[in-house]
Amino acid sequence: MIAAIRAFFEQNFGSEAPSEQDIDQQIAMATAALMFEVTLADQTLDAEERQHIVGLLQATTSLEPQQLEHLMQLALEEVRESTDLFQFTRLINQHFDEHQREALVRNLWRVAWADGEIHHYEEHLIRRIADLLHLHHHHFIRAKLQARDQASAVEVP
């Protein structure tokens with residue numbers, strides 16, 4: 001799987017030392033993976049949730065539609081093969097400030113609410129992600145309430 005991800009970045013961005021654009025794309029991969037983790041927490045991946053992920057990633061990345069689709073496929077494969085969330089949250093912690101991490105959690109709540117309901121597994125997973133992102137409980141609750149109140153809006157971290 002790692003080879004497929006490296007090939008994606010090399011094909012789209014070259015094989016030199018990671019540039020700022022490469023790092024942005026790696027963050028997009030981690031973000032997409034976390035969104036898929038939330039979507040799959042209730043063992044379903046429905047069209048509304050997938051479309052919500054597409055919309056959020058389009059708003060938060062500069063990827064072309066074909067690149068975005070490929071990134072989403074790789075992120076979904078990575079989620080299915082992963083054993084923990086740390087590999088995704090580590091990169092985000094390195095490059096996002098507190099406000100950006102809270103915005104990401106808010107977007108995770110938006111993905112969870114895309115199908116019109118929050119499954120308790122989705123809520124538990126978002127709580128774990130918020131903890132791994134070193135956010136306080138009040139950030140978690142504020143993000144949840146804001147996402148609920150503005151479910152159709154998209155926020156760029």
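The legends below describe several close-up views of a predicted model.

The model is predicted, so local features are given only where pLDDT is at least 70 and side-chain atom pairs only at pLDDT 80 or more, while totals for chains, interfaces and linings use all residues. Residues are numbered from 1 along each chain as its sequence is written, and side-chain values use heavy atoms, with hydrogens and water left out.

**View 1. A salt bridge joins Glu69 and Arg50.**
A salt bridge is taken here as a side-chain nitrogen of Lys or Arg within 4 Å of a carboxyl oxygen of Asp or Glu, and by this rule the count comes to six. In the pair formed by Glu69 and Arg50, the closest N and O atoms are 2.6 Å apart. Glu69 belongs to helix H4 (residues 65–81) and Arg50 to helix H3 (residues 47–60), so the pair ties together parts that are 19 residues apart in sequence. Helices (H or I, at least four residues) are DSSP runs, numbered from the N terminus. Glu69 is partly exposed, with a relative accessible area of 31%, and Arg50 is likewise partly exposed, at 28%; here buried means under 20% relative accessible area, exposed over 50%, and partly exposed in between (1.4 Å probe, protein chains only).

**View 2. Lys144 and Glu123 meet in a salt bridge.**
The N to O distance between these two side chains is 2.8 Å. The pair links distant parts of the chain, with Lys144 in helix H8 (residues 137–149) and Glu123 in helix H7 (residues 120–132), 21 residues apart. Lys144 counts as buried at 19% relative accessibility, whereas Glu123 counts as partly exposed at 28%.

Arg148 is partly exposed, with a relative accessible area of 45%, while Asp149 is exposed, at 55%.

**View 3. Trp109, Trp113 and Phe140 are linked into a cluster by ring pairs.**
Rings of Phe, Tyr and Trp (its six-membered ring) pair if their centres lie within 6.5 Å, and planes under 30 degrees apart count as stacked, over 60 as edge-to-face and the rest as tilted. A search of the whole structure finds two aromatic pairs. Trp109 and Trp113 form a tilted one, at 5.5 Å centre to centre and with 40 degrees between the planes; because they are four residues apart in helix H6 (residues 98–113), about one helical turn separates them. The rings of Trp109 and Phe140 have their centres 5.5 Å apart and their planes at 55 degrees, so this pair is tilted. Trp109 lies in helix H6 and Phe140 in helix H8, 31 residues apart. Trp109 counts as buried at 0% relative accessibility, and Phe140 is buried with a relative accessible area of 3%.

**View 4. Arg127 lies over the face of Phe140.**
Arg127 is placed at 4.6 Å from the ring centre of Phe140. A charge sits over a ring if NZ of Lys or CZ of Arg is within 6 Å of the ring centre and within 35 degrees of the ring normal.

**View 5. Helix H6 is largely enclosed by the rest of the structure.**

Key
Helices (H or I, at least four residues) and strands (E, at least two) are DSSP runs, numbered from the N terminus.
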